[in-house]
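Me: Please take one part of this model and go through it closely. Then connect that part to the rest of the chain.

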Amino acid sequence: MASWSGCSRLFSALLGRPRAIEDGMSQRPSLSRRQLLSGHVRSDAIRPPGTSTMLLSSACTGCGLCVERCPTGIIVIDGGLPRLEFRNGECTFCSECAQVCPEPVFTLSSARTIPYVATIGGECLAVRDVACQSCRDGCPEDAIRFRPRIGGPFLPSINADRCSGCGACVASCPVDAVEMESHSPEGLHA
């Protein structure tokens, strides 16, 4: 059960109030009342590996060190919290974000997966009878296979057990047909 001080810290972090004097009066960019009350904290946002929206909401200051250190440039600050933007590239699980972060938000500094799985939408070129296998070519885990079909190009199939959630397929898709879907409830990226 959460303690009152834990709840207080979470609401203080969400409202953008200083967390504590000993933190050097650091302050996270505030959310509007509408965002807070409507629940628009972007809990659906994909967070860096080894952390979660809950951990980030309670301790992240939004300093942006993780953004600067990310070698693939996929971390962006959104609403004061870091999230992954796979349209910019893929996560290589290098742990640079965890190593540079001054706050206790990364519980697993060597996480090798993100609890999301690629899904292929109807905009996929192969689904629309155009030969394309860009997502498969970009996948470092070999989680995307193409099934033959009669009268058209092969169709993509995702092996969820092999998918690490790195987002390489999202960046490589020329028509933005690949999305990431949560593979587990909000929690730690393990």
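Reply: Start with Asp176, which sits in the loop between helix H7 (168-172) and strand E6. Helices (H or I, at least four residues) and strands (E, at least two) are DSSP runs, numbered from the N terminus. This is a predicted model, in which local features need pLDDT of at least 70 and side-chain atom pairs count only at pLDDT 80 or more, while totals for chains, interfaces and linings use all residues. Residues are numbered from 1 along each chain as its sequence is written, and side-chain values use heavy atoms, with hydrogens and water left out.

Phi of Asp176 is near 55°, a positive value in a residue other than glycine. Most residues other than glycine have a negative phi. Asp176 counts as partly exposed, because its relative accessibility is 41% and the class runs between buried (under 20% relative accessible area) and exposed (over 50%), using a 1.4 Å probe and protein chains only. Asp129 also has a positive phi, near 70°. Its place is the loop between E3 and helix H6 (134-138).

Now follow the chain into E6 (178-182). Of the 15 lining residues, the closest to the pocket centre are Ile46, Leu84, Phe86, Glu179 and Met180. E6 gives the largest share of the lining, four residues. E2 also supplies at least two. A pocket here is an open set of points on a 1 Å grid over the protein atoms alone, where a 1.4 Å probe fits, with protein on both sides within 12 Å along at least five of seven lines; lining residues have an atom within 4 Å of a point.

Strands E1 (residues 75-78) and E2 (residues 81-84) run antiparallel and are joined by four bridges; strands pair if DSSP finds at least two bridges between them. Asp78 has Leu81 of E2 as its bridge partner. Two residues separate the strands, and Gly79 in the turn has a positive phi of about 65°.

Thr51 lies between helix H2 (33-38) and helix H3 (53-59). Thr51 is buried, at a relative accessible area of 0%. A polar atom of its side chain lies 2.5 Å from the backbone oxygen of Val105. Glu103 is in the loop between helix H5 (96-100) and strand E3 (116-120). Glu103 is partly exposed, at 21%. Its C-alpha atom is 9.9 Å from that of Cys63, 40 residues away along the chain.

Finally, the whole chain. There are seven helices and six strands, in the order α-α-α-α-β-β-α-β-α-β-β-α-β. Of the 190 residues, 41% count as buried. Mean pLDDT (the predictor's confidence in each residue, from 0 to 100) is 80, and 73% of residues reach 70 or more. It stays under 50 over residues 1-36, where the model has 46 contacts beyond four places in sequence. It also stays under 50 over residues 185-190, with 22 such contacts. A contact means heavy atoms within 4.5 Å.

Terms used: A polar contact is a pair of N or O atoms within 3.5 Å; within protein, one must be able to donate a hydrogen and the other to accept it, and residues adjacent in sequence count only if both atoms are side-chain atoms.
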